[in-house]
Amino acid sequence: MRNTKAITFLLVGPLGLLVLHLCKDFIDHKTIRPNIDGKEDGIQIRQLTTKSSYVYSWPKCQRNISAANITGFSSLSGDIQDFLYYQHCRHFPMLLDLPDKCGGADKSAEVFLLLVIKSSPVNYDRREVLRKTWAKERLHNGVWIRRIFLSGTMDTGFEKERLNKLLELEQREYNDIIQWDFNEKFFNLTLKQILFLEWMERNCPNAHFLLNGDDDVFANTDIMVEYLQGLKDKNGSKHLFTGHLIQDQRPVRWTKSKYCVPVQVQESDSYPPYCGGGGFLLSGYTALVIYNVSQSITIHPIDDVYMGMCLAKAGLGPASHMGFKTFGLHIPSKKVDLYDPCYYRELLLVHRFLPTTMYLMWHRIQDPNLKCGINRHSV
């Protein structure tokens with residue numbers, strides 16, 4: 001039996017006993033994981049002054065210095081070296097939390113579609129537009145749509161403090177940000193995904209469906225809800241993972257590519273089927289399956305590939321949906337407007353939108369007077 005004395009609590013104010021009560025279930029069903037030195041991680045809980053009342057915090061994860069002994073380590077890029085040094089780290093201090101976003105774990109079944117949006121601290125303009133367009137929290141067709149932005153931290157010193165303050169101010173106004181104290185970088189997107197799934201398992205386990213995507217995608221969430229309500233299993237209790245299906249891919253070995261995964265990270269020369277990480281839909285059931293399976297799968301630097309790995313290990317697979325265009329929308333003719341709303345009104349998601357274009361497109365497809373020819377929106 002593990003030594004539970006390794007668990008420490010930082011209880012702030014007269015609500016200390018309440019914190020113990022709130023965290024009891026979390027401590028009871030979570031395994032205390034050994035860190036790289038073989039010592040058990042201590043969990044701390046601290047109170048915030050914002051609407052988000054309590055956050056979970058772990059001691060700083062130390063880098064695995066033995067990674068430097070990997071053959072060819074010195075020839076790898078700095079980003080890959082950092083990834084290998086900290087690949088074992090799965091817990092980071094929480095700066096902003098949303099424990100009541102879904103009404104608490106017991107009431108989370110009231111959330112039909114949870115919008116889970118990855119966003120860097122600097123992307124304030126994108127978040128503001130999304131809050132006013134497709135990510136607006138609302139009741140649609142009798143069901144609730146809720147919104148969460150996922151963020152890490154950027155820069156150091158005063159600049160880091162300023163960006164953190166920006167998110168804190170947004171949190172006070174909108175109550176829609178979860179932030180962890182890890183570096184916001186491309187190879188940490190998988191970490192962001194894992195941390196969110198852990199949050200979901202704790203705070204929103206009964207949400208029916210999730211849209212997992214970037215903050216630069218255009219998502220027709222009204223149509224998305226109607227699509228999900230039309231499924232045979234429309235309560236999210238069965239497997240669903242759908243989007244832009246990518247198959248028969250292999251790791252990129254070209255060192256100048258953003259997606260380069262050297263053999264030191266993955267020896268295998270193939271990827272399982274996966275959906276483009278710009279945006280995909282999954283059921284609450286599948287999200288929790290992925291979370292449980294992820295505990296036994298080494299973190300991979302490409303987040304959408306990692307989701308495919310988790311699905312494969314669970315004996316599940318992703319499905320293709322023609323309404324997802326995570327590589328953008330290709331219209332061969334130069335004589336038509338690429339942003340004609342008739343091309344977008346029946347699509348579920350398209351990647352790569354500027355905030356101004358996003359705002360305009362959302363309002364144009366909502367226009368009840370929009371007229372489209374019979375072939376104008378077939379792409």
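S151 is buried in this predicted model: its relative accessible area is 2%, and the cut-off for calling a residue buried is under 20%. You'll find S151 in strand 6, the run from residue 143 to residue 153. So who are its neighbours? Leaving out residues up to four places away in sequence, S151 touches S119, S120, P121, L167, I178, Q179, W180, E184 and K192.

**The disulfides**

Now for the cysteines. How many disulfides does the structure have? The count comes to three. Here they are side by side:

| Pair | S to S distance | Torsion about the S-S bond |
|---|---|---|
| C61 and C89 | 2.0 Å | -80° |
| C102 and C204 | 2.0 Å | about -90° |
| C342 and C372 | 1.9 Å | -90° |

Let's take them one at a time. The C61 and C89 link is left-handed. This pair links distant parts of the chain, 28 residues apart: C61 is in the loop between strand 2 (54-57) and helix 2 (78-86), while C89 is in the loop between helix 2 and strand 3 (94-96). Both C61 and C89 are buried.

Next up is the bond between C102 and C204. With a torsion of about -90° about its S-S bond, this disulfide is left-handed too. C102 lies in the loop between strand 3 and strand 4 (111-118), and C204 lies in the loop between helix 5 and strand 8 (209-214), so the pair ties together parts that are 102 residues apart in sequence. Are these two cysteines buried or exposed? C102 is buried, with a relative accessible area of 4%, and C204 counts as buried at 0%.

That leaves C342 and C372, whose link is also left-handed. C342 sits in the loop between strand 13 (324-325) and strand 14 (349-351), and C372 sits in the segment after helix 9 (355-365), 30 residues apart. C342 counts as buried, at 1% relative accessibility.

If you number the bonded cysteines in sequence order, the pairing reads 1-2, 3-4, 5-6. Two further cysteines deserve a look: C260 is buried at 8% relative accessibility, and C310 is buried at 1%.

**Two helices meeting**

Finally, look at helix 5 (residues 189-203) and helix 8 (residues 303-313). They pack at an angle of about 50°, with their axes 8 Å apart. The two helices are therefore oblique to each other. Which residues meet there? L189, T190, Q193 and I194 come from helix 5, and D303, Y306 and M307 come from helix 8. By class, that contact has four nonpolar, two polar and one charged residues.

Notes:
Residues are numbered from 1 along each chain as its sequence is written. This is a predicted model: local features need pLDDT of at least 70, side-chain atom pairs count only at pLDDT 80 or more; totals for chains, interfaces and linings use all residues. Side-chain values use heavy atoms; hydrogens and water are left out. Axes are lines fitted to C-alpha atoms, for helices over the stretch in contact, and angles run from 0 to 180 degrees between N-to-C directions. Helices (H or I, at least four residues) and strands (E, at least two) are DSSP runs, numbered from the N terminus. Angles under 35 degrees count as roughly parallel, over 145 as roughly antiparallel, 65 to 115 as roughly perpendicular and the rest as oblique. Contact means heavy atoms within 4.5 Å. Ala, Val, Leu, Ile, Met, Phe, Trp, Tyr, Cys and Pro count as nonpolar, Asp, Glu, Lys and Arg as charged, and the others, Gly among them, as polar. Buried means under 20% relative accessible area, exposed over 50%, partly exposed in between (1.4 Å probe, protein chains only). A disulfide is a pair of cysteine sulfur atoms within 2.5 Å.
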